[in-house]
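Here's a quick briefing on the structure below.

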Amino acid sequence: MIGRMFSAALAAFLMALPAAAQDTPPGDPAPQLAAAARQVALAHVLTGDPEVDEAARQGLDGLSLELTLRTTVEPGPPLGIDVDQDDLSLLTFLYWPVTPDQPAPSPQAYARLNRFLRSGGVILFDTRDGDVAMAGGPGSGADLQRLAAPLDIPPLAPVPEDHVLTRSFYLLQDFPGRWQGNPLWVEASAPSGDTPPAAGFRTRNDGVSPVVIGANDWAEAWAIDERGLPTHQVGRGIEGERQRELALRFGINLIMYVLTGNYKSDQVHVPALLDRLGRAEADAFADDRFDDRWDDRP
Amino acid sequence: MTGLHFDPALPWPLIAGVAALALLAAAWALWRGLPGWGLRGLAGLAAAFALAGPVIERGVRQSLSDIVILIDDRSASQGLPGRGAQADAAVAQLSAQLSALPGVELRRVTVGDDPDGTLLGTAMTRALAAEPEARVAGVIAVTDGQAADAAMVPASAPAPVHVLLTGQPADWDRRLVVEEAPAFGLIGHTATIRVSVQDQGAVPPEMAASAATLRVRVDGEDEQVVALPRGVPLDLPVEVAHAGQNVVLLRLDPPEGGPVQLTDRNDAAAIQIEGVRDRLRVLLVSGEPHPGERTWRNLLKSDANVDLVHFTILRPPDKSDGVPVDEMALIAFPTRELFEDRIGDFDLIIFDRYKVRGILPPQYYENIRRYVEEGGALLVSAGPEIASVESLNLSPLGEIVPGRPTGRVIEEAFTPLLTDAGRRHPVTAGLPGAPAPDAPPDTRPSWGRWLQRGQIIPKPGAEVVMSAGDNAPLMVLDRVGEGRVALLASDQVWLWGRGFEGGGPQLELLRRMAHWSMKEPELEEEALLAQIGRDLSLTVTRRTMKDAAGPVRITGPDGAVVDLALEPDGPGRFAARWQAPAPGLYTLADGDLTRLVALGPAAPREFEQTVATGSLLAPLADATGGAVIPLSDGVPDVRIARSARSAHGQGVVGDWIGITPREAAQVSGLSRRPILPDWAWLVLIAGLAVAGWLLEGGRLRRSR
């Protein structure tokens, strides 16, 4: 009798599981999320700190504007995401400013975040402390660790010189935001050049790093107000404006990387591929480095 | 079995000691000049011998019969005309003769068919191993001498091995030899089959000069006739026309006039060449970066067999930011190379949310249209731009895209559904998680929803396989000229990959869509499939978009025709099982669809070599003193031969073969008896000692 009751309870529990795992209740997704899915809207994680959230929104606004002006990507209005509530499966890119007093998301939210990362989403963690971290002051590393520890993050390494992020739209050497000179961390590349990695994000998601981590406070460098004017000062004078431009170029490169994956790293194979198409036998690649003979645009 | 044995009372070293002592004593006596030295020594040796306990052992023997192994080859090649009766008569006569011989036991071993041919050597080795070697008095094989396992023929045997060959001296046979046949071939390339004609046996002189006529049929098309001189290998180029099985049927015309050849079973061959694509070259053109782009990339990059050429329009011509070129990572879209020079090299072109922005001049669209009409494949995965003025439908490609936009983008969530046609169509049939057709309307399908689509009107004749509900086509497939076009009127398939509301099988759907457009045989709508089971059974499956499939007409190798009715087996599938009466080539046909099936080997190994020969078994016969004798001269007598060296010969009435009796016996008991009883030993030793003493005593007396 007890056994039967127990199994009935177990069955009820098991039946309840899928319902618990369901992200959205049946019905239409939130309208702004649905719009984000149609229009590639950029999203930021709401931290609970109004100043930071506002800067993030303005930053994504500025980046969206520049994308629309300069590229074929024309994102919709940015939106703030409550990771405890919202369905992440409609999003592609999340900007996550790290603050000291941000509460850690719930376990269900972490499950959703992990699914988001596994299925091809990208999170940019910004510890926003590039100024003090440089000086050796107390950084937000501990806060980042507290927030990101439950995520399935692969081994990370500073961006190598030939990473796609350095050439997904602009050619970049550094990735400044309001601050500069801090390393940018992405998924570590495979131990040896061409061998296909055994498993992980690399094979599943066109080799796109699920997280990008830095400290340069990009949102404030991208941020604009309603009139389209920058809200935060970056550096000083002409050099500061140059740094803001480079910050925007990094933003554009990052969104291109999120959307097109490693497209630009097979782009370098195209001349060789075209050559190969003409030949019956499969030759080795003659030149697999970036070839800037192609200096025109469509 | 009788012999002297020892049963020593003391350990051997002690007995040896006693014997040595006796010899020493005799030697000392000799040195001292004692006349009784010999007797003294003998007494000592007799004592040592008695201690060793000599016994006589006698066995009780029973003689055993001799075994003669009669190997009866009943493989298929023995079924050639005349050979069966010949073998029957020989076996009957030999059995009778052998049974009449006293003390001869007959062991009959029958060799049947094996997929690898006649395993005569194995059978012989096994039969010899099963009998006690000492009793085998002879081995007689009634066979055509064709063993597929020459290496297994024993090198030697304990008794004469006689080989009686069936067949006639005038036997001859012509056969088709496939020397080289590739199992795989690259589509569009030629595969080379090397064949030759070989004649065996006593070839009639009028045949030796003439060339054979070879008929070649590829995939049931018109046959070609080639004259092929015998013994000259011919390289036959065969164009591998399509993916999947390309069946080449080769058949020799029967030789005209003269004596009839042994069999025509080895005059035909069916060669199946699996057509494979070298590498699939896919051109993916993305009109703008969007979340679904990586879904395409994941699909195409995960396939090691795909060479992906991918271009994304990252910046439209009308936008510019004044950034110097050397700070940009953009490259030109090499449109001329892609759409003019090398368009024919691609197996598939995908337009992914592509907007007509003035990047491609109209003649390039014309090129793409021509490419499709000449057999190319085009996929269009359209986003909201399909409803705009930049729609691909407004370019010259619009004529072949299988859906016309109404100009509306419907921004509401919907569940993609399979249409009735979609449940039958191989591109969408059986997709995991597809809502069942008979499910109650309120059940929640397991596929996640998509959030926007362009409204389209399908072209007449195009197949709508997925929809967003009634009259809302979503995926449309169509054939244009020789080629194929597919249209997906939504760019939201990536939501399935993201797991939105549970997601869906996005990679499988896109993969099948791409491979269908490239004419993958597994995804043909109208297909006649045959799966060969065990024991010549055949499962025939007909896949069709129609509601019924007629009976399949099966034509057997002998020309017999059977109409096989098919039973429904799921949406768009009809199937039946059929048992073939005999191995051979069967042609299945339903309307225009035909399929050639080889059940069992078309030319079995049994019939590779048909003319009887003793060459394989002659070394064994020679080594054992046996003979190789053709049965066409009559069945030889069996005699008892004393010497195994020449166990055959010619008698007055004909040949004879001999068996060598082995006189084997078995010991059923053993008796042991001492040579002398103990008292006799005592008397002997004492007598010798006393005699010696007496002899020496006498000499003493004389000297005194």
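A residue counts as buried here when its relative accessible area is under 20%. A:Asp217, with a relative accessible area of 3%, is therefore buried. Keep in mind that this is a predicted model. It has a chain A of 298 residues and a chain B of 704 residues, and the two chains bury about 5,400 Å² between them.

**The two chains at a glance**

- Chain A is built with eleven helices and seven strands, and 50% of its 298 residues count as buried.
- If you take the contacts in chain A between residues at least 6 apart in sequence, 76% of them join residues at least 24 apart.
- Chain B has 13 helices and 37 strands, with buried residues making up 47% of its 704 residues.
- For contacts in chain B with a separation of 6 or more, 72% come from residues 24 or more positions apart.

**Where the chains meet**

- How many residues does each chain put into the contact? Chain B gives 58 residues and chain A gives 63 residues.
- Carbon and sulfur atoms give 53% of the area of about 5,400 Å² buried between chain B and chain A.
- On the chain B side, B:Arg294, B:Ile331 and B:Arg498 lose the most area to chain A, and together they account for 15% of what that side buries.
- One of those three, B:Arg294, is also among the buried residues of helix H6 in chain B.

**Helix H6 of chain B and its partner H11**

- H6(B) covers residues 293–301, and H11(B) covers residues 506–517.
- The buried residues of H6(B) are B:Glu293, B:Arg294, B:Thr295, B:Trp296, B:Arg297, B:Asn298, B:Leu299 and B:Leu300.
- H6(B) packs on H11(B) at an angle of about 70°, and the two axes are 10 Å apart.
- The two helices, H6(B) and H11(B), are therefore roughly perpendicular to each other, and H6(B) passes H11(B) in a right-handed crossing.
- From H6(B), the residues B:Thr295, B:Trp296 and B:Leu299 do the touching, and they meet B:Gln506, B:Leu507, B:Leu510 and B:Arg511 in H11(B).
- By class, the residues of this H6(B)–H11(B) contact split into four nonpolar, two polar and one charged.
- For the spacing along a helix, recall that an α-helix has 3.6 residues a turn, so residues three or four places apart point the same way.

**Helix H4 of chain B**

- H4(B) spans residues 120–130, and its buried residues are B:Leu120, B:Gly121, B:Thr122, B:Ala123, B:Met124, B:Ala127 and B:Leu128.
- The cover over these buried residues of H4(B) includes strands E3 (66–73), E4 (104–111) and E5 (136–143) plus helix H12 (618–624), which belong to chain B.

**A helix crossing in chain A**

- H3(A), residues 50–70, and H9(A), residues 237–260, have axes that come within 10 Å and cross at roughly 75°.
- That angle makes H3(A) roughly perpendicular to H9(A).
- H3(A) brings A:Gly62, A:Leu63, A:Glu66, A:Leu67 and A:Arg70 to the contact, and H9(A) answers with A:Glu245, A:Leu248, A:Arg249, A:Gly251, A:Ile252 and A:Ile255.
- The contact of H3(A) with H9(A) has five nonpolar, two polar and four charged residues.

- A:Asp217 lies in the loop between strand E7 (211–214) and helix H8 (218–222) of chain A, and its phi is near 50°, a positive value in a residue other than glycine.
- B:Lys519 also has a positive phi, near 65°, in a residue other than glycine.
- You'll find B:Lys519 in the loop between H11 and strand E25 (527–532) of chain B, and at 30% relative accessibility B:Lys519 counts as partly exposed.
- B:Gly550 is in the loop between strands E26 (537–543) and E27 (552–555) of chain B, and at 29% relative accessibility B:Gly550 counts as partly exposed.
- Setting aside neighbours within four places in sequence, B:Gly550 is in contact with B:Leu566 and B:Asp590.
- B:Gly550 and B:Phe574 are 24 residues apart in sequence, and their C-alpha atoms are 9.3 Å apart in space.

Terms used
Residues are numbered from 1 along each chain as its sequence is written. Chains are lettered from A and ligands numbered from 1 in the order in which they are written. This is a predicted model: local features need pLDDT of at least 70, side-chain atom pairs count only at pLDDT 80 or more; totals for chains, interfaces and linings use all residues. Side-chain values use heavy atoms; hydrogens and water are left out. Axes are lines fitted to C-alpha atoms, for helices over the stretch in contact, and angles run from 0 to 180 degrees between N-to-C directions. Helices (H or I, at least four residues) and strands (E, at least two) are DSSP runs, numbered from the N terminus. Angles under 35 degrees count as roughly parallel, over 145 as roughly antiparallel, 65 to 115 as roughly perpendicular and the rest as oblique. A crossing is left-handed if the near helix is turned anticlockwise from the far one by less than a right angle, and right-handed if clockwise. Contact means heavy atoms within 4.5 Å. Ala, Val, Leu, Ile, Met, Phe, Trp, Tyr, Cys and Pro count as nonpolar, Asp, Glu, Lys and Arg as charged, and the others, Gly among them, as polar. Buried means under 20% relative accessible area, exposed over 50%, partly exposed in between (1.4 Å probe, protein chains only). Buried area is the accessible area (1.4 Å probe) that two parts lose on being put together, summed over both.
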